[in-house]
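Please look over the sequence and the coordinates before reading on.

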Amino acid sequence: MEDVRMIAAWTTPGREQTTAGEEGFMRLYEATSRPLWGYLQHASGRPDAADDLLQETYCKFLLSKAPAMDEAQTRSYLFRIATNLLHNRFRSREDAALEEPAECGAETDEAARLDVRAAMWRLKPRERELLWLAYVEGMSHAEIAAATGLGVMSIRILLYRARRKASGILRPQRTKS
Amino acid sequence: MKLLGCEQEAGVIRAMQTGGWTEFLRLHVADCQDCSEALRLAEALRQEARRAERSCNPPDPYWILQRSRRMAREIAVRRMTLLLASMRALAAFYVVAAAGWLLRGYAALQFREAVSSISGASTWFALMGAMVAAVCVAAGLWPILHEDATRGKAGSVR
């Protein structure tokens, strides 16, 4: 992906900032920022944390001097950076409120949405990440392994357990309603 | 129910995303508890994702570009500062070693003998060069160390 090289040149000090690099980044951002924000918001539970982490993810990406990558690899790479940043955040407990989901927006009265969000929040951060990458982003086990740094076999087992757990939490709630 | 889920699960999720349902997959989902469970969960999550995307207002990309450029400059400055600090440490070490060697008188005693035994003008020049270099490095180091000491004092006063 030529765009990635041009984008890297854009951030190298002393080098001329090229319009092509800037445009390449804008295109990449347009294509990836919303899914990435959704992932970060879902995994962290907070839109403000998702904003911060999104910015950090792209800054790290721009500073990483990434080699030439195709679109899928770039996407996977961005998710990997985002996942690492999420883990750092969870580890450092920088944001204590990350432990509880923050409600936002005008749609909080939707029972189904609350069901899913509440159910997801009862899962571990790693489980939420895996479910999102597999079922929302539609990543294969190999792609999830690349994004999370885990082995393909571990992904299969962890994803299965996470899915069973999430369904177990969702089922009684649905039955009640 | 299998130990690690159903082999068809990936195909079912892909079909849900692309809309490429085959008769086989439809029948399979109706029969397989794993796949129907995965499908239900995937649909719920994707609905949640669509809602999140609608309310999402990502930061201005131009601002991110500017920020990353500023960070790149800071990293470059940090690297240069580290290089300069190591050069300073090396210079200080060189001055101390050269001064120690000269002060112990070893060079003074052995100088003539060494020069006469090797009898090369190059040796004489090398020794003189080392001494001149030590003097130059010390002279260059003095204002830097002096400035550091002044800054250190000012910091401790504050």
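## Confidence of the model

The term pLDDT stands for the predictor's confidence in each residue, on a scale from 0 to 100. What follows concerns a predicted model, and the predictor assigns the complex an ipTM of 0.73 together with a pTM of 0.67. Chain A has an average pLDDT of 77, with 72% of its residues scoring at least 70, while for chain B the average is 78 and 77% of the residues score at least 70.

Within chain A, confidence is lowest in helix 1 (residues 2-11), where the mean is 52, and highest in helix 6, where it reaches 90. Over residues 100-109 of chain A the pLDDT stays under 50, although the model has 17 contacts for this stretch beyond four places in sequence. Where pLDDT is low, the predicted coordinates should not be read in detail. In chain B, the lowest confidence falls in helix 5 (residues 106-118), at a mean of 59, and the highest in helix 2 (residues 23-31), at 87.

## Inside chain A

Helix 4 (residues 71-92) of chain A packs against helix 7 (residues 141-148) of chain A at an angle of about 45°, the axes being 7 Å apart, and helix 4 of chain A is therefore oblique to helix 7 of chain A. On the side of helix 4 of chain A, the contact is made by Ser76(A), Phe79(A), Arg80(A) and Thr83(A), and on the side of helix 7 of chain A by Glu143(A), Ala146(A), Ala147(A) and Thr148(A).

## Where the two chains meet

How many residues of chain B are in contact with chain A? There are 43 of them, and they are in contact with 49 residues of chain A. The area buried between chain B and chain A is about 4,100 Å², and carbon and sulfur atoms give 63% of that area.

One helix pair at this meeting of the chains is helix 6 (residues 125-136) of chain A with helix 1 (residues 9-18) of chain B, whose axes come within 9 Å and cross at roughly 60°; that crossing makes helix 6 of chain A oblique to helix 1 of chain B. Here Ala134(A), Tyr135(A) and Val136(A) in helix 6 of chain A meet Glu9(B), Ile13(B), Met16(B) and Gln17(B) in helix 1 of chain B, a contact whose residues divide into five nonpolar, one polar and one charged.

## Salt bridges

Over all chains the count comes to 11 salt bridges, and five salt bridges are found across the interface of chain B and chain A. Asp34(B) and Arg163(A) form a salt bridge in which the closest N and O atoms are 3.2 Å apart.

How values were computed: Residues are numbered from 1 along each chain as its sequence is written. Chains are lettered from A and ligands numbered from 1 in the order in which they are written. This is a predicted model: local features need pLDDT of at least 70, side-chain atom pairs count only at pLDDT 80 or more; totals for chains, interfaces and linings use all residues. Side-chain values use heavy atoms; hydrogens and water are left out. Axes are lines fitted to C-alpha atoms, for helices over the stretch in contact, and angles run from 0 to 180 degrees between N-to-C directions. Helices (H or I, at least four residues) and strands (E, at least two) are DSSP runs, numbered from the N terminus. Angles under 35 degrees count as roughly parallel, over 145 as roughly antiparallel, 65 to 115 as roughly perpendicular and the rest as oblique. Contact means heavy atoms within 4.5 Å. Buried area is the accessible area (1.4 Å probe) that two parts lose on being put together, summed over both. A salt bridge is a side-chain nitrogen of Lys or Arg within 4 Å of a carboxyl oxygen of Asp or Glu. Ala, Val, Leu, Ile, Met, Phe, Trp, Tyr, Cys and Pro count as nonpolar, Asp, Glu, Lys and Arg as charged, and the others, Gly among them, as polar.
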